[in-house]
Amino acid sequence: MSFENIDPLEALRWSVEMGADEAIGDQPVDRYAVSDIEAVQTSAVEPPKQREAPRPERVPLAPSQGAADSRAAAAAARNLEELRAAVGSFEGCALRETATNLVFADGNASADVMILGEAPGAEEDRKGLPFVGASGQLMDRMLAAIGLDRSHVYISNILFWRPPGNRNPTTAEVAACMPFVQRHIALVNPRVLVFVGGASAKAMLDRKEGIMRLRGKWYDYHGPDLPEAIPALAMFHPAYLLRSPGQKRAAWHDLLILRARLDELP
Ligand code: URA
């Protein structure tokens, strides 16, 4: 096969879209300049010192086991610091094996608004903070449009680790993290919740409809350990708005009803 006519930038873009968005070797290898056999040998003869120490063997947990373990660990957390430590030492979600960092939360834990997205992306995984990549920047602009910034909101996700290649989270991964997310909400006890994106809205509201139907409406969120239901709004995910700018009008409507609700708070 000849690689001469391949545009390197296109090839790189394709690799990133396929999920190969991390460099794993210290030195770049020009795989177009070597034969197939050499390419295989280049990786096969990599000196052992450049390789990461092998992780200890882990027996995968049954999906329901992950959720059972996180329920006990989450219930024992008396404050956000303890919850963060409990998530950090939780072994029941395999995503932690491929992620670089735990992404717990950002913003002001005493704010009226708690925003829950889906899962960290590449930038969030690198920095250990939610919504700091391209969709986070749009999120900041959306918040600014209604007079809010990160000091007025508390932000987290329904998953604490990045799914490899930004694939969709599995039901088992969402279920394993859910007790932590519910405890997170109970400890913050915000006055308003915002679920951004279909995965977050469906999981947190326990609904089957997609975000097209769920968005722009208020729901009562009833979670464990809450003194009363919390009003919750479902909105489009900023990543979707970046791909579908025609939906920004609907997103603006949702932002305005959020602003109106906040203005009504006593
Ligand atoms: N998308 C999310 O849902 N969460 C993040 O933190 C980043 C991107």
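A search of the whole structure, which is a predicted model, finds 10 salt bridges, each being a side-chain nitrogen of Lys or Arg within 4 Å of a carboxyl oxygen of Asp or Glu. Local features need pLDDT of at least 70 and side-chain atom pairs count only at pLDDT 80 or more, while totals for chains, interfaces and linings use all residues. Residues are numbered from 1 along each chain as its sequence is written, and side-chain values use heavy atoms, with hydrogens and water left out.

- The side chains of E123 and K127 form a salt bridge with an N to O distance of 2.9 Å.

**Ligand shell**

**Ligand contacts**
- Polar contacts are pairs of N or O atoms within 3.5 Å, and one of them places a backbone N or O atom of F131 at 2.9 Å from a ligand oxygen atom.
- A side-chain N or O atom of N157 lies 2.8 Å from a nitrogen atom of the ligand, whereas a side-chain N or O atom of H237 lies 2.7 Å from an oxygen atom of the ligand.
- The protein buries 93% of the 230 Å² that the ligand exposes when taken alone, by the Shrake-Rupley method with a 1.4 Å probe.

Notes. Polar contact = N/O pair within 3.5 Å; in protein donor to acceptor, adjacent residues only side chain to side chain.
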